[in-house]
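Hi,

Here is the model I said I would pass on. Could you have a look at it before reading my notes?

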Amino acid sequence: MNVILRLIKKGDLPLIQQYLSKDGVSRMTNIPEPYPTNGASDWFEIVMEEFHEGNHYPFAIIADDQFAGSISVRREQDRIGAIDYWVAPPFWKKGIGTKAAEQAVDFGRNELGFKSFETCCLIENKGSARILEKIGFQKGKEFLIGSGEKHGGKMARLYYLY
Ligand SMILES: CC(C)(COP(=O)(O)OP(=O)(O)OC[C@H]1O[C@@H](n2cnc3c(N)ncnc32)[C@H](O)[C@@H]1OP(=O)(O)O)[C@@H](O)C(=O)NCCC(=O)NCCS
């Protein structure tokens with residue numbers, strides 16, 4: 001499948017709202033569950049503010065001309081980036097997440113000057129861990145998520161890309 005990234009636009013919000021309101025996509029992410037009624041438009045407002053500050057680049061993942069999910073490139077520190085992503089269930093296991101993550105990292109390096117990336121995912125999130133390993137992230141420490149968080153009590157792992 002041909003995969004490209006382009007900045008999120010308002011026209012993507014109905015599909016984002018629809019995909020994130022269903023069970024499944026958000027389960028292993030920090031996306032709120034149940035997804036609020038205005039979740040997508042509230043998220044868009046926040047990320048656009050961060051975008052204008054140069055700290056958050058929210059992309060739509062476009063696979064063969066269809067909206068297939070979203071990936072964000074965020075500034076964690078001056079030269080350190082982070083990526084967060086989700087792919088909509090009809091598009092799972094077609095290599096889309098891997099291609100999107102690869103392109104997001106390239107964007108962070110080439111356009112934003114990031115020297116390294118950090119991210120983390122739940123140990124149980126085999127698909128996400130595999131994407132990170134496939135694009136060259138190295139495993140960092142495992143840690144226990146604090147009880148106040150969505151996944152409190154579960155184990156997660158840090159990943160680094162230099
Ligand atoms: C995790 C996620 C992004 C994977 O996206 P995807 O487009 O299906 O990933 P790919 O097709 O590029 O697959 C990458 C690798 O992971 C494997 N994989 C994908 N989903 C998997 C799963 N549920 N269990 C085990 N392995 C999985 C693929 O087989 C592939 O490995 P391979 O090349 O060795 O065969 C997608 O399932 C998703 O959006 N999940 C919900 C949101 C989420 O978890 N986001 C990440 C938070 S850290």
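Below are my notes on the core, the strands, the ligand site and a few backbone details.

First, the ground rules. This is a predicted model, so local features need pLDDT of at least 70 and side-chain atom pairs count only at pLDDT 80 or more, while totals for chains, interfaces and linings use all residues. Residues are numbered from 1 along each chain as its sequence is written, and side-chain values use heavy atoms, with hydrogens and water left out.

Helices (H or I, at least four residues) and strands (E, at least two) are DSSP runs, numbered from the N terminus. Helix 1 covers residues 13-21, and Leu13, Ile16, Gln17, Tyr19 and Leu20 are buried in it. Buried here means under 20% relative accessible area, exposed over 50%, and partly exposed in between, with a 1.4 Å probe and protein chains only. An α-helix has 3.6 residues a turn, so residues three or four places apart point the same way. Among the elements covering the buried residues of helix 1 are helix 2 (39-52), strand 3 (66-77) and strand 4 (80-87).

The largest nonpolar core has 45 residues. Such a core is a set of buried Ala, Val, Leu, Ile, Met, Phe, Trp, Tyr and Cys residues joined through side-chain atoms within 4.5 Å. Ile16 is among the residues with the most contacts inside it, along with Ile61, Ile71, Ile83, Trp86 and Phe137. If you skip neighbours within four places in sequence, Ile16 is in contact (heavy atoms within 4.5 Å) with Ile8, Tyr35, Ala40, Trp43, Phe67 and Trp86.

**Around strand 5**

Five of the seven residues of strand 5 (116-122) are buried, so the rest of the structure largely encloses this strand. Two strands pair if DSSP finds at least two bridges between them. Strand 5 pairs with strand 4 in the parallel sense over two bridges, and Ile80 stands opposite Ser116. With strand 7 (155-161), strand 5 pairs in the antiparallel sense over six bridges, and there Glu118 stands opposite Tyr160.

Arg157 is also in strand 7 and, at 15% relative accessibility, counts as buried.

**The ligand**

A polar side-chain atom of Asn125 is 2.8 Å from an oxygen atom of the ligand.

**Backbone details**

Lys93 is in the loop between strand 4 and helix 3 and has a positive phi, near 60°, although not a glycine. Lys93 is exposed, with a relative accessible area of 88%. Asp65, in the loop between strand 2 (56-63) and strand 3, likewise has a positive phi, near 70°, and counts as exposed at 76%. Finally, a cis peptide bond joins Glu33 and Pro34, with omega about -5°; Pro34 lies in the loop between helix 1 and helix 2.

Cheers

How values were computed
A polar contact is a pair of N or O atoms within 3.5 Å; within protein, one must be able to donate a hydrogen and the other to accept it, and residues adjacent in sequence count only if both atoms are side-chain atoms.
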